[in-house]
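Hi,

I am handing over a structure for you to look at.

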Amino acid sequence: PKFSNETELHYEKIMEDELCFPQLNNSCRKTMRSHLEATLIYSLLSFITVLTVFLNLLVIISISHFRQLHTATNLLLLSLAVADFLMGLLQMPVLLLHIQGCVILGDVICALHYFFAFLVVSVSVGSMVLISIDRYIAICDPMFYSTKVTLRRVQYCVYLCWVFSVVHSSWILRDFLKQPNRYNSCYGECVLAVSYIEGAVDLVVTFLGPILIITLLYMRVFVVAVSQARAMRSHIAAVTLQRSQTVKAKKSEIKAARTLGVVIAVFLLCNSPYYCFTVAAESNMVGATSSAIELWLVYFNSCLNPVIYVFFYPWFRKAIKHIDIMCGVK
């Protein structure tokens, strides 16, 4: 009897460690990792989450607080920062709780988690497209920029971007939102399955279409920037000045190419693995289970966006200094 009790207690301990809900017979099993691996993963992802919230919050405070930053371009940056801030505040912590493969917050939170994921990604991508259009008009048609790009028009574009993202997310998840647990095989699971048509529409709307638009616009912007630099060099009369100006022009061309290349490369780097994975899963080339690594790469783009789009702006560094001074005074 003593041996039997010890065996039973040992079995219960194993079940408690392996199952998400040991008291339920249909409970899902946890994803087992070593203590060192789990600590490293949680530390890294927690750092990314905090950094995403902090950086985007700085952008929101800077643009909202300082009146001189209330411009059409900065309004687009503000929309992007709000979307990325919500990603770090709402999505990343929930996904962090799901690392063990257990949904401990219930089906309602599971449904809201996926809905906000689609929503925030759509708004973030849409804001990047609007930013690329804004820069295209500013560089390629600077004479009419102030008349074409007004604050009210940009506000309407931002509103439409958010409304379209809500409609898009609701349509993609219309069946899932009605019954979040319809694809779950065990209790504590959060599985989303979309049809081939819905997946194809989402692929075009949130990845292929935006990257095509951004690439074409930035290629045109780069061509115009290079032609303007060459035109400036042709008006230099002095030989010595012309030589120094040539070096400066080449540096500006390289800087422009690097900046535009970083914008496109980071977007592709963060989003391509996820969409390639989903296409491969649809073709049964890989397992149907979702990949946390690919999903975290998409979310990590929200951490990099404030660095790419805002930290290159001198006004942001000045705003940070003013915020730091105000906090020091208080």
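Here is what was found in it.

Keep in mind that this is a predicted model.

Start with the annotation. An unreviewed UniProt entry places the feature "transmembrane region" at residues 40-63, 75-99, 111-133, 154-173, 203-226, 256-275 and 295-316. Residues 40-63 are 100% helix and 0% strand in the model, with end C-alpha atoms 35 Å apart. Residues 111-133 are also 100% helix and 0% strand. Their end C-alpha atoms lie 33 Å apart.

Next, look at Arg 135. This residue sits in helix α4, which covers residues 107-140. Arg 135 is buried, yet has no salt bridge. Asp 134 is the nearest side chain of opposite charge, 5.6 Å away. Leaving aside residues up to four places away in sequence, Arg 135 touches Tyr 218, Val 221, Tyr 309 and Tyr 313.

Tyr 309 also turns up in a helix pair. Helix α3 (residues 72-97) packs against helix α10 (residues 292-309) at an angle of about 145°. The two axes are 10 Å apart. The crossing of α3 and α10 is left-handed. Residues of α3 in the contact include Leu 77, Asp 84, Met 87 and Gln 91. On α10, Trp 296, Phe 300, Asn 305 and Tyr 309 are among them.

Last, Asn 25. This one is in the loop between α1 (2-18) and α2 (35-65). Asn 25 counts as exposed because its relative accessibility is 86%, and the cut-off is over 50%. Cys 186 is 161 residues away along the chain, but the C-alpha atoms of Asn 25 and Cys 186 are separated by 9.2 Å.

Best wishes

Notes: Residues are numbered from 1 along each chain as its sequence is written. This is a predicted model: local features need pLDDT of at least 70, side-chain atom pairs count only at pLDDT 80 or more; totals for chains, interfaces and linings use all residues. Side-chain values use heavy atoms; hydrogens and water are left out. UniProt positions are given in the numbering used here, feature names are shortened, and annotations may be inferred rather than shown by experiment. Helices (H or I, at least four residues) and strands (E, at least two) are DSSP runs, numbered from the N terminus. Buried means under 20% relative accessible area, exposed over 50%, partly exposed in between (1.4 Å probe, protein chains only). Lys and Arg count as positive and Asp and Glu as negative; His and the chain ends are not counted. A salt bridge is a side-chain nitrogen of Lys or Arg within 4 Å of a carboxyl oxygen of Asp or Glu. Contact means heavy atoms within 4.5 Å. Axes are lines fitted to C-alpha atoms, for helices over the stretch in contact, and angles run from 0 to 180 degrees between N-to-C directions. A crossing is left-handed if the near helix is turned anticlockwise from the far one by less than a right angle, and right-handed if clockwise.
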